[in-house]
Amino acid sequence: MQLKHEAGAPHPGETSKAAIPYLEIRDIQKSFGGVRALKGVSFSIEPGQIYHLMGENGCGKSTLIKIISGAQPADAGELLIDGKPVGHLTPVAALAAGIETVYQDFSLLPNLSVAENVGLTQQLVAASGKLARRLDLAHMRQTAERALAAVNLPTTRAFLSTRTDELPMATRQLIAIARAIASDARLVIMDEPTTALTKHEVDNLIGIVGRLRAKGVAVLFVTHKLDECKSIGGRAVIMRDGQKVAECDIADHTKAELGFWMTGKVLDEARYRSAPKFGDDLLAVDALSLKDAFANVSFSMRRGEIVGITGLLDSGRNELARAIAGVVPADTGRIRLNGKDVTPGKPADAIDAGIGYVPEDRLSEGLFLEKPIEENIVVPVLDRLRGAFGILDGRRSRDLAKRSVEDLQVVTPDVANPVQSLSGGNQQRVLIGRWLTINPKLLVLHGPTVGVDVGSKDTIYRIIQRLADEGMGVIIISDDLLELLQNCDRIMVMRKGEVVEAFQAEALEEEVLYRALVEETTTVRTAL
Amino acid sequence: MTDTTFNGATPDGNDKVSLGSAWRWLLRHPPVVTFALIVLVCLVVGTINTDFWQVSNLFDILRASVVRGLFALGVLVVLASGGIDVSFTAIAAFVMYTVTMLVTNLLPGLPMPVILLVAAAGGACFGALNGVLVHALRAPSLIVTIGTQYVICSFLLTFVGTALFMNIPGSMEAFGKVALFTHQSANGSISVLPAFVLVLAVAAVVTWWILERTLIGRAVYAVGGNPGIAERLGYNLRTVHIFVFAYAGLLAGIAGVMHVASNRLANPFDLAGTELEIIAAVVLGGARITGGSGSVIGTLLGVVLITLVSNVLILVGIPSTWQLAIIGVFIVLAGTVFSLRAKR
């Protein structure tokens, strides 16, 4: 319907679709302060095709996306749309040309309504970015309704006027997609669209992509998740170190091959967990409940054990993790550590008891991004680093940070550098290092490798194993099933706020775990 | 998947109106809280002293709300965009004094509409300067406007003058005297609602229209919600920055002239120092200091509440020195209530 370019008449000047690609990227280069982020990247995008722009964090794929979507100009190179050079694209010009981006953070305006988030962009583009225009409310609503219906979201008045920051993550993502297809999209770029989604929501996403494709819209995924690329299919454009290293049909190559191109290393899907040695009883969670989140959760674990907890976004797994860490305390129930009641009422209680918590969203909940690595690491133990007159002992603080950085293999020339200078994987290790300073008895890792590239994952998994071998109890809350299978002794599955199943992880099939995860909701979802 | 994921978002109990859902509704409609405070103050004061229920009091409050209201509408637009402006009183003082002086000395016959136009244009120029500085320097607007406030004030007192104008131009004086409505009470005293309250009404409607019915209005809220995202989506930050400060300056210019017309004198030391009171009124009306929210109706109610407290406490024997304490308590109260909305 609204995607009329491809569905209807051919675009003017377009004689043969096969001959002229929709978008051609020619030798794009970009540097930031002397660092060459893109060293001449070229590839073409044909209508109705699916592409995966793959690479580890820092390979330049995000920079390339910013250039295509008009957020940043390229230093050199050309972009051609329908065979014609377009020069430097502004965000509005890129949108007008049909390039729509679903950003990793969804880029929704939190204080505006669903209808405005979906429908305003189209009016902005129609006005060529000029703001002195009357708002066409009726048109905005129609645009929003049509686009929301296309992604199976409600189109009721109440939903249209809801602020987007009041909605759950998965709904926000669908709204971001609705916005992308609300106008005449010809290329939809999805920047790591599945990071915040459970497998189910990914399936829905794949359904939407199929429908876009049928209308002749090209879709470009930006990702480093090999599993998803394999299941979606299409063409892979693989980048490493600012260059395109390979372009191929995904179906023709194994995950190992793709992974090798991305990382330059041979990947391993084997279990990290081997020969666990359990000690005494460590943790006993007894009938923990939080209204509207989880109910009656009980389990126990021993020293040196790694327990995985998984579930869909609304299963209560996130809230359970936060309750154990005292971030959002449970209403009722007890948590005992070494037989002592330590049920935390605030994060400081958990820290005192020896519970370290690495949150899911390290950017907003965990790290002080502009602050030095050192300060980020030593923050929980500041009072132990008190020197004369109660003043912070700078040398001990620095030594502690340096030991931690060395121990966790954080790649940085200096602990005085800000945390934001590090890659995602290294940031995550700083966060883990912070909690190791309190010598925790129990470490709760919430999504330990979200937004972390393949090579860094390996390092983090090895660290987790070593900590458990040293006698620490580790809880991993994650929706990355392979991660749990590779690392845990036991895996608990949550649905609708309850622990419904528990598995021994060894020799467990991913398929079995996946079915346990989704069982109750399968019927609803296949209706799509 | 929509079914399962969306369930979490819809309010759970639609069948019965519980205390919880009423509370939630209230948090989403902050002007209702402001309105409730106004009613509360009226009831308390009116019960203690029945003299409160007089048309003259209503007229006084409306008259005193005009200058504050014009300022507040400008502050609302700036706050909604995520900025803050404290230079508007200085702009108003400069414009009112300079325009009064120029008209008195050079063009005594200048009609009121032209005076208003000149004041608006002058104010808008100062405001646009604020906007350009905020955008070009990428500096916090609070700091920039503190700077421009001092510079404008100092410039006014150094180069333009410090003397009072007791005889203001005829057209301004006449404009201040036009009555919209005259009321004679039982004891024979006459109270007048001046026509210049209409200026506030027109400004309020125009501001509402800009914020709710134009692209620039939505862009103001978009930038206030998250400037980085707004820029990525193609909203021109420069246009928005310059617009909001220019608009606040424009309203400040008009407010300055209104101040002269209603007081029938131009004092260059007037208005300075009332910035925080105006910002407080806008925040009392439900705008968040961090940007991206606020409404015209809420702002007007906030202004009425502040004016009410400053005008009527004397009726119940509370010394005027206590006004600030009461306003302060209201601000803390409103701030607490509205921040609950953020936590949810």
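1. A residue is called buried if 20 or more other C-beta atoms lie within 10 Å of its own, exposed if 12 or fewer do, and partly exposed in between, with the C-beta atoms placed from the backbone. By that rule, 44% of the 344 residues of chain B count as buried, and 47% of the 528 residues of chain A do.

2. This is a predicted model, in which local features need pLDDT of at least 70 and side-chain atom pairs count only at pLDDT 80 or more, while totals for chains, interfaces and linings use all residues. Residues are numbered from 1 along each chain as its sequence is written, and chains are lettered from A and ligands numbered from 1 in the order in which they are written.

3. The secondary structure of chain A comes to 20 helices and 20 strands, where helices (H or I, at least four residues) and strands (E, at least two) are DSSP runs numbered from the N terminus. Chain A has a radius of gyration of 25 Å, close to the 24 Å that the globule rule gives for 528 residues, so chain A is as compact as a globular protein of that length. The radius is taken over C-alpha atoms, and the rule is 2.2 Å times the number of residues to the power 0.38. Along its principal axes, the C-alpha trace of chain A spans about 75 × 50 × 50 Å.

4. Contacts are counted when the C-beta atoms of two residues, placed from the backbone, lie within 7 Å. Among the contacts of chain A with a separation of 6 or more, 71% are between residues 24 or more positions apart.

5. One sheet of chain A is open and has four strands in the order S2-S1-S4-S5, with antiparallel pairing; two strands are said to pair if DSSP finds at least two bridges between them. Its edge strands, S2 (35-45) and S5 (84-85) of chain A, each pair on one side only. Within the sheet, S1 (residues 23-32) and S4 (residues 76-81) of chain A are joined in the antiparallel sense over five bridges, and Arg26(A) stands opposite Glu78(A) in S4(A).

6. A parallel pairing can be followed elsewhere in chain A, where four bridges join S6(A) to strand S7 (residues 187-191). In strand S6 (residues 99-102) of chain A, Ile99(A) and Thr101(A) point one way, Glu100(A) and Val102(A) point the other way, and all are buried. Across the pairing, Glu100(A) stands opposite Val188(A) in S7(A).

7. The domain assignment, whose bounds come from an automatic or database source, gives chain A a domain 1 (46-65 + 91-263) and a domain 2 (281-526). Taken over C-alpha atoms, the centres of the two domains of chain A are 30 Å apart, and 16 residues of domain 1 are in contact with 16 residues of domain 2. On the side of domain 1 that touches domain 2, the elements giving two or more residues are helices H7 (169-182), H8 (199-214) and H10 (255-263) of chain A, and H8(A) gives the largest share, four residues.

8. Two residues of chain A deserve a look at their backbone angles. Asp241(A), in the loop between strand S9 (235-240) and strand S10 (243-249) of chain A, has a phi near 60°, a positive value in a residue other than glycine. Asn296(A), in strand S12 (residues 294-302) of chain A, likewise has a positive phi, of about 55°, although it is not a glycine. Asp241(A) is partly exposed, with 14 other C-beta atoms within 10 Å, and Asn296(A) counts as partly exposed with 13 C-beta neighbours inside 10 Å.

9. Chain B has 15 helices and two strands. Its radius of gyration is 21 Å, which agrees with the value near 20 Å that a compact globule of 344 residues would have, and its C-alpha trace spans about 75 × 55 × 35 Å along the principal axes.

10. In an unreviewed UniProt entry, the annotation "transmembrane region" covers several spans of chain B, including residues 32-49 and 189-211; positions are given in the numbering used here, feature names are shortened, and annotations may be inferred rather than shown by experiment. Residues 32-49 of chain B are 94% helix and 0% strand, with their end C-alpha atoms 25 Å apart, whereas residues 189-211 of chain B are 65% helix and 22% strand, with the end C-alpha atoms 41 Å apart.

11. The contact between the chains takes 29 residues from chain B and 37 residues from chain A. Of the side of chain B that touches chain A, the largest share, eight residues, comes from H10(B).
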